[in-house]
Amino acid sequence: MNSVTIYTTDTCPYCRNAKALLASKGITAQEINVQSSPGKFAEMLSRSGRRSVPQIFIGDTHVGGFDDLAKLDRQGGLLSMLA
């Protein structure tokens, strides 16, 4: 099973929505808070090429942000990516 990594901040509503969507599917994600670990922001930027949060990865595949995750779920691809 592929692991899920999500880069977040404390105040981001899209981060909360992404974590709630994952939790509703029984998916536990490794959360990396870029506010409390500033060096992780550079890591997120390097991996995703994006400056906004959340940035979500399944294994080494960049899913994108919350809207991308929700679209992937609606299209039925979320759970298959985890297998």
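Is Cys 12 buried or exposed? Cys 12 counts as buried because its relative accessibility is 8%; buried means under 20% relative accessible area, exposed over 50% and partly exposed in between, with a 1.4 Å probe and protein chains only. Cys 15 is buried as well, at a relative accessible area of 0%. The structure holds 0 disulfides, a disulfide being a pair of cysteine sulfur atoms within 2.5 Å.

The model is predicted, so local features need pLDDT of at least 70 and side-chain atom pairs count only at pLDDT 80 or more, whereas totals for chains, interfaces and linings use all residues. Residues are numbered from 1 along each chain as its sequence is written, and side-chain values use heavy atoms, with hydrogens and water left out.

The strands form an open sheet. Its 4 strands run in the order β2-β1-β3-β4, with mixed pairing. Helices (H or I, at least four residues) and strands (E, at least two) are DSSP runs, numbered from the N terminus. Two strands pair if DSSP finds at least two bridges between them. The edges are β2 (30–33) and β4 (61–64), each of which pairs on one side only. On average, neighbouring strands of this sheet are turned by 25 degrees against each other, direction ignored. Axes are lines fitted to C-alpha atoms, for helices over the stretch in contact, and angles run from 0 to 180 degrees between N-to-C directions.

Strand β1 (residues 4–8) pairs with β2 in the parallel sense, over 4 bridges. With β3, β1 pairs in the antiparallel sense, also over 4 bridges. Thr 5 illustrates both pairings. This residue lies in strand β1. Thr 5 stands opposite Gln 30 in β2, and its bridge partner in β3 is Phe 57. Thr 5 is buried, with a relative accessible area of 7%. Leaving aside residues up to four places away in sequence, Thr 5 touches Gln 30, Ile 32, Arg 47, Gln 55, Ile 56 and Phe 57. Contact means heavy atoms within 4.5 Å.

In a regular strand the side chains alternate between the two faces of the sheet. Both faces of β3 are covered. Gln 55 and Phe 57 are buried on one side, and Ile 56 and Ile 58 on the other. β3 and β4 pair in the antiparallel sense over 3 bridges. Ile 58 has Thr 61 as its bridge partner in β4. The two strands β3 and β4 form a hairpin with 2 residues between them. Gly 59, in the turn, has a positive phi of about 60 degrees. A cis peptide bond joins Val 53 and Pro 54, with omega about 0 degrees. Pro 54 is found in the loop between α2 and β3.

Two helices lie across strands of the sheet. Helix α1 (residues 13–24) lies across β1, β2 and β3 (55–58), running at about 160 degrees to β1. Helix α2 (residues 39–48) lies across β1, β2, β3 and β4, at about 120 degrees to β1.

Two packed helices are described by the angle between their axes and the distance between the axes. The axes of α1 and helix α3 (residues 66–74) come within 9 Å and cross at roughly 25 degrees. That makes α1 roughly parallel to α3; angles under 35 degrees count as roughly parallel, over 145 as roughly antiparallel, 65 to 115 as roughly perpendicular and the rest as oblique. On the α1 side, Tyr 14, Asn 17, Ala 18, Leu 21 and Leu 22 make the contact. Phe 66, Leu 69, Ala 70 and Asp 73 make it on the α3 side.
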